[in-house]
Amino acid sequence: MSTATVPEGAFAGLRQRVPVGSLGLWLGLLVLVVIAATLSPGFLNPVNLLNIVRQASVVGITAVGVTLVMVTGGVDLSVGAVIVFGSVLAATVMAGQDANIPLACGVVLLMGLVVGLLNGTIVARWRVPSFILTLGMATAISGITQMYTGGTAAGAVAPAFRALFNGRIGIVPVLALVFVAVVLLGLYVQTRTVVGRRIYLVGANPRAALLSGVPVTRTRLTVFAISGVCAALAGLALLARSGVSSTFAGQGFEFDALAAVVLGGTTFAGGRGGIGGTVAGVLILAVSFNLVNIIGLPFDMELLVKGAIILGVAALHVAAQRKEGLMT
Amino acid sequence: MTSVPASPTARPGLSGFDLREQVARLGVWVALGVVLVVGIVAVPNFATAANADAILRQAAVLGIVALGQTFVVLTGGIDLSVGMLMGLVTVLANGIMGGDPALILPIVLLALGCGLVTGVANGLGVVAARVDPLIVTLAMLSVLQGVIFIYTDRTVGSAPAEFRDLAYGSIGPIPTPALLLGGLAVVCWVILARTPFGRYVHAVGSSAQDARKAGIPIDRIRLAAYVVCSVLAAIAGLVLAARLGSGFTGAGAGFELSSIVAVVVGGTALSGGRGGVAGTLAAVLLLTILATMLNLLGISPFAQRVVNGVVIVVAVAVYTAQRREA
């Protein structure tokens with residue numbers, strides 16, 4: 001059954017009015033950019049700006065997938081473990097040989113797909129809360145990663161892999177292009193496809209969605225699969241950026257992605273938000289870190305500022321939403 | 001779909017609800033019983049007094065922080081900052097004491113103060129700024145980590161022998177930390193099951209809107225839950241400080257997630273409103289005993305992580321299935 005049988009009015013409150021996220025969020029980003037530009041004349045240099053996007057790519061690619069899961073009312077905490085396992089797996093399969101690159105990428109993306117399908121199947125069919133399920137999955141995957149490598153760095157990156165993905169086309173870093181491509185693809189799915197419509201319906205009211213003929217189970221399965229593949233791709237991006245596979249490199253990636261998504265206006269309740277806002281969230285976090293570096297604060301202050309910025313932007317965002325009447 | 005068999009004494013309308021509660025409450029105890037029996041029968045050196053003593057001491061730290069996490073989860077919230085708060089308390093306590101027993105009392109007060117401030121800040125972020133608890137406490141995690149590193153970037157200080165008794169001493173045959181956990185658990189159970197505040201905590205978690213309509217000051221209840229959680233995390237941090245004996249900066253890492261796992265495996269729903277500290281306590285014992293068994297069987301810590309992951313997934317799957325059938 002297609003969603004066309006549901007009266008158009010049923011979607012009214014659900015669809016994003018602005019597909020790029022809330023205006024306040026982008027204004028917040030603008031304020032941060034102005035502050036950074038004032039403090040450091042070099043900030044607005046295109047090379048620096050593109051570098052920020054490149055640095056944001058690992059968390060950004062992951063956050064696109066997590067956004068879709070959260071719009072359906074779920075959450076995916078296994079992405080951090082998938083990123084690490086992905087980068088370790090890629091390095092070991094490559095074993096320093098350029099010829100193995102396609103195989104390595106294929107294996108890693110397949111691993112992400114399998115993890116995503118497993119998450120999706122358990123959440124959708126057994127209706128297990130996704131927070132705790134994906135937390136368990138993360139624990140199991142990180143254990144598997146350590147068993148696989150024996151707890152140390154393993155494998156070697158093929159030279160061509162780094163040259164290709166960590167390089168630049170003109171002044172544009174390839175990883176930044178990959179990030180943008182994933183965002184555009186995600187936005188296309190979210191705004192222009194049937195799946196995109198269904199995820200909002202499932203998130204807003206799963207029961208109503210089911211009664212309207214929306215395949216709720218399949219929709220949930222799809223978003224978890226997308227999230228798994230995105231995280232695996234982010235693992236490849238991490239390997240390209242760092243050049244070494246470490247079993248600890250990804251600790252905390254799931255929370256950075258989650259922070260970006262929630263900053264972007266996608267709520268845990270589901271049915272609201274989207275990839276546009278997530279991009280703003282990712283960039284706000286990335287610019288904040290760059291800002292802390294510009295000011296020259298030590299690492300400990302960086303953590304303090306990170307916390308303060310996440311909280312401040314989130315509070316402003318909530319206040320703005322309340323004004324718009326989106327929240328009670 | 002299975003239906004609840006009607007018994008002559010069952011009160012209509014209430015029987016279904018009660019059964020669900022009982023299943024959620026008893027599931028973890030059954031699992032604990034099974035694991036204990038398997039351990040006693042099949043694992044060498046498991047059923048010894050020394051091992052029981054070690055298990056109880058080990059369970060205390062996770063147990064105390066998980067009690068507090070239960071309050072927050074019951075209100076429908078979550079607290080990711082507890083692990084880093086425990087780390088901060090560990091570093092501050094051992095760093096400041098530096099082996100001087102005269103500083104024990106001031107340190108205990110300082111730790112409780114840290115817990116109070118953190119709890120109030122978390123609570124205000126959630127109720128006044130209305131930011132999602134996950135984001136508030138994640139930001140707090142980052143802030144606390146920053147404070148730890150401002151204080152020190154290496155392992156500092158040492159705990160005086162009198163203070164280490166908090167983790168290694170015994171009162172009669174019972175290990176001191178286990179006694180502390182037991183005492184706190186009883187207090188928490190009484191508060192949640194027998195006081196108006198406890199009823200409000202459940203009510204806020206079941207439906208904040210209904211609770212508000214019923215005249216419950218939901219903001220104050222939520223704030224109080226975060227304060228209880230942080231203060232208990234600070235106490236857990238003190239026991240951890242006594243256990244480790246020095247101020248290791250990464251001491252609390254991971255407790256935020258393991259405390260949430262204990263709460264959920266114990267049958268408290270992440271959506272709030274259902275569950276309690278008894279289940280949490282059973283889950284803490286279950287997880288600790290399981291870890292001890294795997295150690296005794298010589299299974300590598302890496303493989304233990306896989307087992308832990310599987311336990312979490314299976315536990316939640318079973319709860320979900322039971323709740324659906326009930």
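## Helices α3 and α5 of chain B

In this predicted model, α3(B) and α5(B) are roughly parallel to each other (an angle under 35 degrees; over 145 counts as roughly antiparallel, 65 to 115 as roughly perpendicular and the rest as oblique). Helix α3 covers residues 82–97 of chain B and helix α5 residues 133–151 of chain B; they pack at an angle of about 20 degrees, with their axes 9 Å apart. Helices here are DSSP runs (H or I, at least four residues; strands are E, at least two), numbered from the N terminus. Axes are lines fitted to C-alpha atoms over the stretch in contact, and angles run from 0 to 180 degrees between N-to-C directions.

The crossing of α3(B) past α5(B) is left-handed, meaning that the near helix is turned anticlockwise from the far one by less than a right angle. Residues in contact (C-beta atoms, placed from the backbone, within 7 Å) include B:Leu88 and B:Val91 in α3(B), and B:Leu144 and B:Ile148 in α5(B). By class, this contact of α3(B) with α5(B) has 10 nonpolar, 3 polar and no charged residues. Ala, Val, Leu, Ile, Met, Phe, Trp, Tyr, Cys and Pro count as nonpolar, Asp, Glu, Lys and Arg as charged, and the others, Gly among them, as polar.

Residues are numbered from 1 along each chain as its sequence is written, and chains are lettered from A in the order in which they are written. Local features need pLDDT of at least 70 and side-chain atom pairs pLDDT 80 or more, whereas totals for chains, interfaces and linings use all residues.

## Helices α2 and α7 of chain A

In chain A, the axes of α2 (residues 46–71) and α7 (residues 174–192) come within 8 Å and cross at roughly 30 degrees. α2(A) is therefore roughly parallel to α7(A), and their crossing is left-handed. Among the residues that meet are A:Val53, A:Gly60 and A:Ile61 in α2(A), with A:Phe179, A:Val182 and A:Gly186 in α7(A). The contact of α2(A) with α7(A) comprises 12 nonpolar, 3 polar and 1 charged residues.

## The nonpolar core

The largest nonpolar core has 204 residues, and those with the most contacts inside it include A:Ala237, B:Ile64 and B:Val239. Such a core is a set of buried Ala, Val, Leu, Ile, Met, Phe, Trp, Tyr and Cys residues joined through C-beta atoms within 7 Å; buried denotes 20 or more other C-beta atoms within 10 Å of a residue's own, exposed 12 or fewer, and partly exposed in between. Helix α10 of chain B (residues 218–244) gives the most to this core, with 19 residues.

How values were computed:
Contact = placed C-beta atoms within 7 Å.
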